[in-house]
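Thanks for passing this one along. Here are my notes, point by point; please have the model open as you read.

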Amino acid sequence: EVRKRITKGSHISRAQAARAQVAELRQEVSKLEDDVATLQIELSSRQENNELIEEELEKLESAMQDRRRDHMSIRRDFENRIRDLRIDMSERTVAMDKKLKEYEGMAKEYRKKTEL
């Protein structure tokens, strides 16, 4: 009978210990579930953040391409203007040379007339 009590008592204490351990594990599982939920919220927030950052990067890349195009257009316009000015200068130089030769010819004729 003493053995029965000891055995019965040890069963009770084992059952209590098991219940306590189950309760601890449930608390731990609950805490882990809370941690998982928190991490999911944080992950979702970071994904939204990443999407916003990617959108901003796309906008910046587009703006950079626009600026490159503008820069190239301005450069082309500038180079064309320089070319046009050089052509104009060249045409004016040719015209001035013609006038100079014309004046030199007139000067020679005038000298001939005045020498006579």
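How far apart in helix 1 are Glu79 and Arg75, counted in residues and in helical turns? They are four residues apart, which amounts to about one helical turn.

1. Ground rules. This is a predicted model, in which local features need pLDDT of at least 70 and side-chain atom pairs count only at pLDDT 80 or more, while totals for chains, interfaces and linings use all residues. Residues are numbered from 1 along each chain as its sequence is written, and side-chain values use heavy atoms, with hydrogens and water left out.

2. Overall fold. The chain has one helix and zero strands (DSSP runs numbered from the N terminus: H or I of at least four residues for helices, E of at least two for strands). Helix 1 covers residues 2-115. Of the chain's 116 residues, 0% count as buried (buried is under 20% relative accessible area, exposed over 50%, partly exposed in between, with a 1.4 Å probe and protein chains only).

3. Salt bridges. The whole structure holds six of them (a side-chain nitrogen of Lys or Arg within 4 Å of a carboxyl oxygen of Asp or Glu). As background, side chains of opposite charge can pair when their charged atoms come close.

4. Glu79 and Arg75. This pair is one of the salt bridges, with its closest N and O atoms 3.1 Å apart. Glu79 is partly exposed at 43% relative accessibility, and Arg75 is partly exposed at 45%.

5. Asp66 and Arg69. Here the salt bridge has an N to O distance of 3.2 Å. The two residues sit three apart in helix 1, about one turn. Asp66 is partly exposed, with a relative accessible area of 35%.

6. Arg92 and Asp88. Their side chains meet in a salt bridge at 3.4 Å, N to O. The spacing is four residues in helix 1, or about one helical turn. Arg92 is exposed at 55%, whereas Asp88 is partly exposed at 30%.

7. A nonpolar patch. Which residues make the nonpolar surface patch of about 280 Å²? They are Ile53, Leu57 and Leu60 (patch residues have over 30% relative accessible area and no salt bridge; like charges are joined within 9 Å, nonpolar side chains, meaning Val, Leu, Ile, Met, Phe, Trp and Tyr, within 5 Å). Leu57 belongs to helix 1 and is partly exposed at 45% relative accessibility.

Technical notes
Areas by Shrake-Rupley, 256 points an atom, 1.4 Å probe, with all protein chains shown as cover.
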